[in-house]
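Please look through the structure below with its strands in view.

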Amino acid sequence: MKSLFYRISLFMSLCCMIFVACENNELEIVQAEEDTTSVTLRIAAGTGEPSVGTRYVDASQYEDIRTLRVIVTTGSGEDREIVYNDMPAITGGNSLTKTITIPHVPIGETMFYVVANEASLGKSYTDEQIREDLVSNGKVLFVDEQANRHFPKLGPDIAQDGLPMTGRLAVTVSKDMLPVNIEMERAVVKLSLTVENVTASDIELTSVKFGPFSGDRLYLFPEYNLDVPDNAQYTEFGYENQSISIAAGGKTDKLSAYIYPTYAYMNPMGDNPYTLALSTNVKEYEALVFAPNHNSFRRNTQVNITARITTAVGITLNFEVTNWDEYPIEVPPFE
């Protein structure tokens with residue numbers, strides 16, 4: 001009898017323990033659901049990849065979003081914690097918008113980081129990679145190693161992986177908050193060159209050489225106006241060994257090149273590196289400064305350059321800096 005009573009008591013105790021554990025587990029689940037919410041992102045994107053007739057024509061059709069990484073952090077400084085880091089599948093084909101749902105975003109103060117087309121930098125921004133690239137000021141530094149240089153890129157060289165784009169925004173997350181817009185900028189500068197032939201004869205453009213203003217590094221996420229590391233190293237770049245026909249009175253298609261944001265002209269008493277030199281089958285033209293009043297070019301801007309080849313003067317240059325279209329990311333109200 002005593003043994004039977006002991007067994008019944010033990011059974012009841014185990015039942016109570018299981019009940020309490022289940023109750024606590026349910027409470028934890030309810031608490032977790034109350035402390036987080038899902039975020040739906042609607043992302044503007046490009047419209048596919050039409051065919052390209054020549055290697056260095058304007059590559060605007062390749063400047064769309066291929067992949068997207070979303071990172072969410074809480075806290076700051078040494079207490080910063082990455083609570084979400086993933087590359088959700090993006091859908092929509094060639095549509096202008098793509099939709100992503102981010103689960104379990106903590107209620108409260110958070111930071112959203114967005115990286116598009118990270119393969120264009122040869123990177124995979126896992127938690128470990130981000131921690132490896134963090135520098136003392138809390139920025140994520142990218143250095144383009146000489147042995148496997150990703151930029152500068154020329155025209156449709158961006159066709160496979162697109163262009164790197166990033167954005168960041170501090171957000172106070174709540175279940176009934178209004179939509180949030182995160183501005184994502186391209187992390188490069190676009191140079192768009194047109195060469196005009198105003199001579200009386202047809203010519204062939206054989207090379208285009210830009211001065212030493214293509215840098216080798218940048219800070220991944222924009223925080224200030226320029227975001228160029230002080231120790232950036234600059235090199236020349238351009239189109240070599242070309243044979244681009246330009247009829248008399250005609251002009252080339254736009255020749256595109258992409259570089260990291262640049263602050264190559266730090267010493268106003270030194271030589272201006274923002275130069276352009278052309279060669280044709282008839283003549284080589286010496287390098288000329290195309291941006292006499294600029295010491296830098298920030299990310300997500302486009303530099304339009306027109307080089308006019310004349311019989312009397314040689315080459316005249318005109319240029320302008322314009323804004324590049326921004327990709328907004330819209331976060332609808334939380335449910």
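Two strands count as paired if DSSP finds at least two bridges between them. The strands themselves (E, at least two residues) and the helices (H or I, at least four) are DSSP runs, numbered from the N terminus. The model is predicted, so local features need pLDDT of at least 70 and side-chain atom pairs count only at pLDDT 80 or more, while totals for chains, interfaces and linings use all residues. Residues are numbered from 1 along each chain as its sequence is written, and side-chain values use heavy atoms, with hydrogens and water left out.

Start with the open sheet of five strands, whose order is β7-β15-β10-β18-β19 and whose pairing is mixed. Its edge strands are β7 (153-154) and β19, each of which pairs on one side only. Strands of a sheet pair through backbone hydrogen bonds, either parallel or antiparallel.

Strand β18 (residues 301-309) has seven of its nine residues buried, so it is largely enclosed by the rest of the structure. Here buried means under 20% relative accessible area, exposed over 50% and partly exposed in between (1.4 Å probe, protein chains only). On one side, β18 runs parallel to strand β10 (residues 189-197), joined by eight bridges, and T306 of β18 stands opposite T194. β18 also pairs with strand β19 (residues 315-323), antiparallel and over nine bridges; there V303 stands opposite V321. The hairpin of β18 and β19 has five residues between the strands, and in it G314 takes a positive phi near 105 degrees.

β10 also pairs with strand β15 (residues 255-259), through five antiparallel bridges. L193 lies in β10, and its bridge partner in β15 is L255. The two residues are 62 apart in sequence, but their C-alpha atoms are 5.0 Å apart in space. L193 is buried, at a relative accessible area of 1%. Leaving out residues up to four places away in sequence, its contacts (heavy atoms within 4.5 Å) include V208, F210, Y239, L276, I305 and A307.

What space does the largest pocket hold? It holds about 460 Å³, a volume being the space filled by probe spheres set on grid points that are joined across faces, edges and corners. A pocket is an open set of points on a 1 Å grid over the protein atoms alone, where a 1.4 Å probe fits, with protein on both sides within 12 Å along at least five of seven lines; lining residues have an atom within 4 Å of a point. The lining of the largest pocket has 21 residues, with R80, Y113, I130, L134 and G138 nearest its centre. β2 (68-74), β3 (81-86) and α2 (127-133) each supply at least two lining residues.
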